[in-house]
Amino acid sequence: MENKMILEVIKGKMEQADAHHDFIYVDGKKIPKESEGCVYDYRDKCGLLHSTKHIDIALANSIDGKCVKTNVHAEAEGLPKVGGSVYTLFGAGKDYVFLTKNRVESAKFHTKTAVSGTSVTVPRGKVEKREACELLRQIYIMLS
């Protein structure tokens, strides 16, 4: 069976459930629920990109009632986790992301080479980090 990449925008409002459980009880035995392997990404009022395994948390806490259902990364403590690293993403543009709340020119982390007039910006950092940030940039743009 082939794993297909999922990137789907979901719109709506939903109340957050009182509790979430990863198990069900059948005949007094604790059985793990089946997981579809997806997380739901959403932006909060500060612009921070969050990830959760539960759609109701995403839609209840999203600033604009939108989330992205995806299986291309995991989540760790409410944040996206790509390739073993957790990312805090506060904004995104054409070829960059903001990894801090400080959204000034010098705080941009470029995910690919950018040409602006006569200047060329070459991205810095490890290839894995640039690729992870580019993936999250695309998700962030889908939520904008």
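## Nonpolar cores

A nonpolar core is taken here as a set of buried Ala, Val, Leu, Ile, Met, Phe, Trp, Tyr and Cys residues joined through side-chain atoms within 4.5 Å, where buried means under 20% relative accessible area, exposed means over 50% and partly exposed lies in between, with a 1.4 Å probe and protein chains only. The largest such core has 15 residues, and Leu 89 and Leu 136 have the most contacts inside it. Helix H2 (residues 127-143) supplies the largest share of this core, 7 residues. Apart from it lies another core, of 7 residues, which includes Tyr 40, Tyr 42, Ile 57 and Ala 58.

With contact meaning heavy atoms within 4.5 Å, and with neighbours within four places in sequence left aside, Leu 136 is in contact with Leu 49, His 73, Pro 80, Val 82, Tyr 87 and Leu 89.

## Basis of the model and overall form

The structure is a predicted model, in which local features need pLDDT of at least 70 and side-chain atom pairs count only at pLDDT 80 or more, whereas totals for chains, interfaces and linings use all residues. Residues are numbered from 1 along each chain as its sequence is written, and side-chain values use heavy atoms, with hydrogens and water left out.

The secondary structure comes to 2 helices and 14 strands, these being DSSP runs numbered from the N terminus, with helices (H or I) of at least four residues and strands (E) of at least two. Taken along the principal axes, the C-alpha atoms fill a box of roughly 70 × 35 × 20 Å. Of the 144 residues in the protein, 40% are buried, and residues 24 or more positions apart account for 56% of the contacts with a separation of 6 or more. The protein exposes about 9200 Å², of which carbon and sulfur atoms supply 51%; accessible areas come from the Shrake-Rupley method with a 1.4 Å probe, and for residues only the protein chains shown count as cover.

## Strand pairing

Two strands are said to pair if DSSP finds at least two bridges between them. On this basis, 3 strands form an open antiparallel sheet in the order S7-S8-S9, whose edge strands, S7 (74-76) and S9 (85-86), each pair on one side only. Strand S8 (residues 79-82) and S9 pair over 2 bridges, and Val 82 has Ser 85 in S9 as its bridge partner. Another open sheet of 3 strands, also with antiparallel pairing, has the order S10-S11-S12, with S10 (91-92) and S12 (108-110) at its edges. Within this sheet, S10 and S11 (residues 96-98) pair over 2 bridges, and Ala 92 stands opposite Val 97 in S11.

Strands S2 and S3 (residues 29-32) pair in the antiparallel sense over 4 bridges, with Ile 24 opposite Ile 31 in S3. Their hairpin has 2 residues between the strands, and in it Asp 27 takes a positive phi near 50°. Ile 24 counts as partly exposed because its relative accessibility is 38%, and together with Val 26 and Ile 31 it makes a nonpolar surface patch of about 210 Å². Such patches are made of residues with over 30% relative accessible area and no salt bridge, like charges being joined within 9 Å and nonpolar side chains (Val, Leu, Ile, Met, Phe, Trp, Tyr) within 5 Å.

## Salt bridges

A salt bridge is counted where a side-chain nitrogen of Lys or Arg lies within 4 Å of a carboxyl oxygen of Asp or Glu, and by this rule the count comes to 5. Lys 69 forms one with Glu 36, the closest N and O atoms being 3.4 Å apart. This pair links distant parts of the chain, since Lys 69 is in strand S6 (residues 66-70) and Glu 36 is in the loop between S3 and strand S4 (39-43), 33 residues apart. Lys 69 is buried, at 16% relative accessible area, whereas Glu 36 is exposed, at 53%.

The side chains of Asp 64 and Arg 43 meet in a salt bridge of 3.2 Å, N to O. Asp 64 counts as partly exposed at 37% relative accessibility, while Arg 43 counts as buried at 17%. Glu 105 and Lys 108 meet in a salt bridge of 3.0 Å, N to O, and Lys 112, Glu 134 and Arg 137 are linked in a network of salt bridges.

## Two individual positions

His 50 lies in strand S5 (residues 49-52) and counts as buried because its relative accessibility is 16%. The C-alpha atoms of His 50 and Pro 80, 30 residues apart along the chain, are separated by 6.3 Å, and Pro 80 is one of the residues in contact with His 50.

Glu 15, in the loop between strand S1 (7-11) and strand S2 (23-26), counts as exposed at 72% relative accessibility. Leaving aside neighbours within four places in sequence, Glu 15 is in contact with Asp 56 and Ala 60.
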